[in-house]
Amino acid sequence: MINKFSSLKENFNLKNYNTYRIDSICKYFILINDITILKELIKYLKDNKLKYFVIGNGSNIILPSYYNGVVIKLDLKKVKYNGNIVEAESSCMLNKLANETALKSLKGLEWASGIPGTIGGATIINAGCYGNELFDSIIKIEILKDNKFMTLGKNDIKYSYRYTALKNNNIIVLKVYFQLEKTNKEELLSLIRERTEKRLSTQPLNYSSAGSVFRNPVDDSAGRLIEEAGLKGKIIGGAKISDIHANFIINYNNATNEDIIKLINLIKKTIYQKYQIKLILEQEIIL
Ligand SMILES: Cc1cc2nc3c(=O)[nH]c(=O)nc-3n(C[C@H](O)[C@H](O)[C@H](O)COP(=O)(O)OP(=O)(O)OC[C@H]3O[C@@H](n4cnc5c(N)ncnc54)[C@H](O)[C@@H]3O)c2cc1C
């Protein structure tokens, strides 16, 4: 019985577990703070053919109004420093680690100070900004795959812009090792301050969202195309294309998953009709 996992909750609302803050009920929700129990749980779910996914901070996903399966939230937050090598467990927040490493004069993650995701979620999609990405400083990761704990070196993993082959491969990220570089602390802190100001003035941070909706096409910007197509400010139900940054959809007024997806489809269709460009989603629609 799934009830043997003591933290199990039934018909759980994930509203506070996704940054769009949309209502989404999952059949089961389980919080796990022990990787042995995680391994046992995954085996149980596979043996019983139950659908599941791991949620990080829910800052890059669009949840369904009902998820007929098990949502697993990891509670693994230890960080260890060994000179300029940093080991971070998957539930650590990337923005917190970026600030913490900068305060320790370690360069390599400072660019991520505004990204509200977990290390696990950020690794799976190779999060990045300002020309940097997480895989610039990753050296290896510890994972659970096919009921086995494994370590993968960076060279074992295919990755590119906002993509890794870890995704959709039954892989759960447990811990990530970064190689950072000792540098001047003040430089890092001033860069963080500058970037924070930039985000505050160019992103709609007073509304709930999941960051950029689409990847940028090569040598172009999705936000620019959407703005030029006249879609800024467009509202469907409770979702709106931000007036501040056209590649952000915001939860303007009790948006539903349907409202957000309708806006996404409208953007895709309009951009294709106008520019023959197929925009690719950066966010993930969970089914
Ligand atoms: C205001 C704002 C600004 C943002 N800015 C940026 C930015 O500059 N650059 C950028 O890249 N992103 C940005 N994002 C998007 C988002 O924060 C990142 O992509 C982040 O890395 C997602 O992490 P998460 O923990 O929230 O993952 P989630 O959204 O919870 O999950 C994303 C995917 O990862 C999987 N996953 C999560 N944890 C694990 C794990 N431990 N093992 C296996 N799979 C896992 C999930 O199943 C899902 O498939 C922004 C978002 C917001 C709201």
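**Figure 1. Overall fold of the predicted chain.** The chain contains six helices and 20 strands; helices (H or I, at least four residues) and strands (E, at least two) are DSSP runs, numbered from the N terminus. The model is predicted: local features need pLDDT of at least 70, side-chain atom pairs count only at pLDDT 80 or more, and totals for chains, interfaces and linings use all residues. Residue numbers start from 1 along each chain as its sequence is written. The C-alpha atoms fill a box of roughly 50 × 50 × 30 Å along the principal axes. Of the 287 residues, 40% are buried, a residue being buried if 20 or more other C-beta atoms, placed from the backbone, lie within 10 Å of its own.

**Figure 2. Division of the chain into domains.** Domain 1 (2-74), domain 2 (79-187) and domain 3 (204-285) make up the division, whose bounds come from an automatic or database domain assignment. The centres of domain 2 and domain 3, taken over C-alpha atoms, are separated by 27 Å.

**Figure 3. Parallel pairing with strand β5.** Strand β2 (residues 25-32) pairs with strand β5 (residues 66-74) in the parallel sense over seven bridges; two strands pair if DSSP finds at least two bridges between them. Within this pair, L31 stands opposite K73 in β5. Strand β3 also runs parallel to β5, and four bridges join the two. Here Y52 has V70 of β5 as its bridge partner.

**Figure 4. The open sheet β17-β18-β19.** Three strands form this open sheet in the order β17-β18-β19, with antiparallel pairing. Because β17 (235-236) and β19 (249-251) each have a single partner strand, they stand at the edges, and one side of each is left without a neighbour in the sheet. Two bridges join β17 to the antiparallel strand β18 (residues 239-241), where K240 is the bridge partner of I235.

How values were computed
A residue is buried if 20 or more other C-beta atoms lie within 10 Å of its own, exposed if 12 or fewer, and partly exposed in between; C-beta atoms are placed from the backbone.
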